[in-house]
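Open the model in your viewer and keep the selection panel at hand. The tour goes stop by stop: what to select, then what is there.

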Amino acid sequence: MKATRTTSAAARAEVAGTRPHASAAAAARRCGGAAARRRGGAAAHGLPWHAGAVIQALRQALSSRTEPMLALLERLVSINSFTDNPRGGDAVGEVIASELSTIPGLRARRIASARFAAHWVVESEAAKASPAGHVALVAHLDTVFPSGTFEGFRLDGELARGPGVLDMKGGIVVIIEALRALAAIGALPELPVRLAIVSDEEVGSPEGRPLLQRELAGAACALVFEAGREGDRIITARRGTGNATVRATGKAAHAGNAHQQGANAIWALARFIDWAQRLTDYARGVTVNVGKVSGGQGRNTVPDAAEAAVDFRFGSLADGEAILSALSAAAHEAAVEVPGTAVQVDGEIARSPLVRTEASAALCREYAACARAAGLGDAEAPLIGGGSDASSTADIGIPSIDGLGPRGSGFHTKDELIEVKTLAPKAEALAAFLLGRRRA
């Protein structure tokens, strides 16, 4: 396996399509300044920010790591870890734990699951000694691809392709390499870091959500390493997500001999669908999508049952609750319009919206300075429609930002890819951010 390796700051920036790094000292000032101000003075703890020596040491530690990062990513991507494949997920988890075990100063803990692959929590010595105020890193090891649907890892010029390469095994590799670089320069013991990797994010984190909120309670901030966006845009806001199963029942009858004796459940469900789809309001950030429909037994039988799967997205919890109420009202109206039928909605809000706050905007600026110093983009992303575990951490008051994995596109499709040139700079940005959060 071959991968392009760039060792100088200018060369890496040229490959990445961004401007070359400024001097190490200038980069250090930009990235460390926010942390210094937060501490109420110069960045005097531990390593000399003002001299830029730490940033230079990080770059040196990461300068030859692109190929090892790709090798680890290939190992992870080559193992199918579809959410409902716990054996594969456990295998991926063991590879991750094995890699983390090679980094001095980290302790990994396996949390078993009765349904999914095991979850993992990893912490530094500083976080173990004093959990309050730690930096939370969040990832997931599951993918959306069942075995046999999308397999394998391959390099395609400056791109790496495969299931989960972007969402989000690439982000896990970035985290591991950032921690490895910090250990290499002797900085990790001072850094209060706790990493949580869940195995059920792609189905809404039914176990992951309470685990994250329990294990990461008291964190000063949370960085989530979901798929990196175009231009490395940093996510501060996501719409909330909800789902519903809608079941219509009626009365079966022969379509020719006894048509009038039947009550058509599919017709009732169709009336519901028309009402439901009309709830979409793009101006409010509300969408409703009936994505799957089934029912009936044949064209010559009046159907007595039909079912639909509904996805909905919203910008505020109030809108989410309003959609659930409106779906129930639509079900009632549909049943009234088709006598002899009943329509039932079983729905829930799966994820709260990730709401941009002053604290998360400040966190975004702090991380953006480190991304900029690493030659990456530093802009803030617009509102994102998809959900993530950032909502779980934000729900308990932890300022949270997202989309910090390697830059790429095509997540949840067979065109999933990352830009290889962004792996090491993303690790540098994270490592530099963590240095700004070190303890004396």
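Select Thr 422. Setting aside neighbours within four places in sequence, Thr 422 is in contact (heavy atoms within 4.5 Å) with Pro 406 and Arg 407. Thr 422 sits in the loop between E16 and helix H13 (423–435). Helices (H or I, at least four residues) and strands (E, at least two) are DSSP runs, numbered from the N terminus. This is a predicted model: local features need pLDDT of at least 70, side-chain atom pairs count only at pLDDT 80 or more, and totals for chains, interfaces and linings use all residues. Residues are numbered from 1 along each chain as its sequence is written, and side-chain values use heavy atoms, with hydrogens and water left out.

Stay on Thr 422. Is it buried or exposed? At 0% relative accessibility, Thr 422 counts as buried. Buried means under 20% relative accessible area, exposed over 50%, partly exposed in between (1.4 Å probe, protein chains only). Now show polar contacts: pairs of N or O atoms within 3.5 Å; within protein, one must be able to donate a hydrogen and the other to accept it, and residues adjacent in sequence count only if both atoms are side-chain atoms. A polar atom of the Thr 422 side chain lies 2.8 Å from the backbone oxygen of Glu 419.

Arg 407 is in the loop between strand E14 (400–401) and strand E15 (408–409), and Glu 419 is in strand E16 (residues 417–419), so the pair ties together parts that are 12 residues apart in sequence. Arg 407 is buried, with a relative accessible area of 8%. The salt-bridge criterion is a side-chain nitrogen of Lys or Arg within 4 Å of a carboxyl oxygen of Asp or Glu.

Next, Ser 400, in strand E14. Ser 400 is buried at 2% relative accessible area. Which side chain does it meet in a polar contact? The side chain of Thr 393, at 2.8 Å. The Ser 400 side chain also reaches the backbone oxygen of Ile 398 at 2.8 Å. Beyond four places in sequence, the contacts of Ser 400 include Ala 222, Leu 354, Ser 360 and Leu 363.

Now pick Arg 247 and Asp 346. They form a salt bridge whose closest N and O atoms are 2.9 Å apart. The pair links distant parts of the chain: Arg 247 in strand E8 (residues 240–249) and Asp 346 in strand E13 (residues 342–351), 99 residues apart. Arg 247 is partly exposed at 37% relative accessible area, and Asp 346 is partly exposed at 36%.

Select Arg 110 and Glu 94. This salt bridge spans 3.9 Å, N to O. Arg 110 belongs to strand E1 and Glu 94 to helix H5 (residues 86–101), so the pair ties together parts that are 16 residues apart in sequence. Arg 110 is partly exposed at 43%, as is Glu 94 at 42%. How many salt bridges does the whole structure hold? A search finds 29.

Move to E2. Six bridges join E1 to E2, which run antiparallel; Ile 111 stands opposite His 119 in E2. E2 and E6 also pair in the antiparallel sense, over four bridges, and Val 122 has Leu 195 in E6 as its bridge partner. Pairing requires at least two DSSP bridges between the strands. In a regular strand the side chains alternate between the two faces of the sheet. Both faces of E2 are covered: His 119, Val 121 and Glu 123 on one side and Trp 120, Val 122 and Ser 124 on the other are all buried.

Select helix H8 (residues 208–215). Gly 208, Leu 211, Leu 212 and Glu 215 are buried there. They cover an arc of only 100° around the axis, which puts them on the same side of H8. The arc is taken from the directions from the helix axis to the C-beta atoms. The buried residues of H8 pack against elements including strand E1 (106–111), strand E2 (119–124) and helix H12 (390–394).

Last stop: H7. Of its 16 residues, 14 are buried. After H7 comes Gly 186, with a positive phi near 80°.
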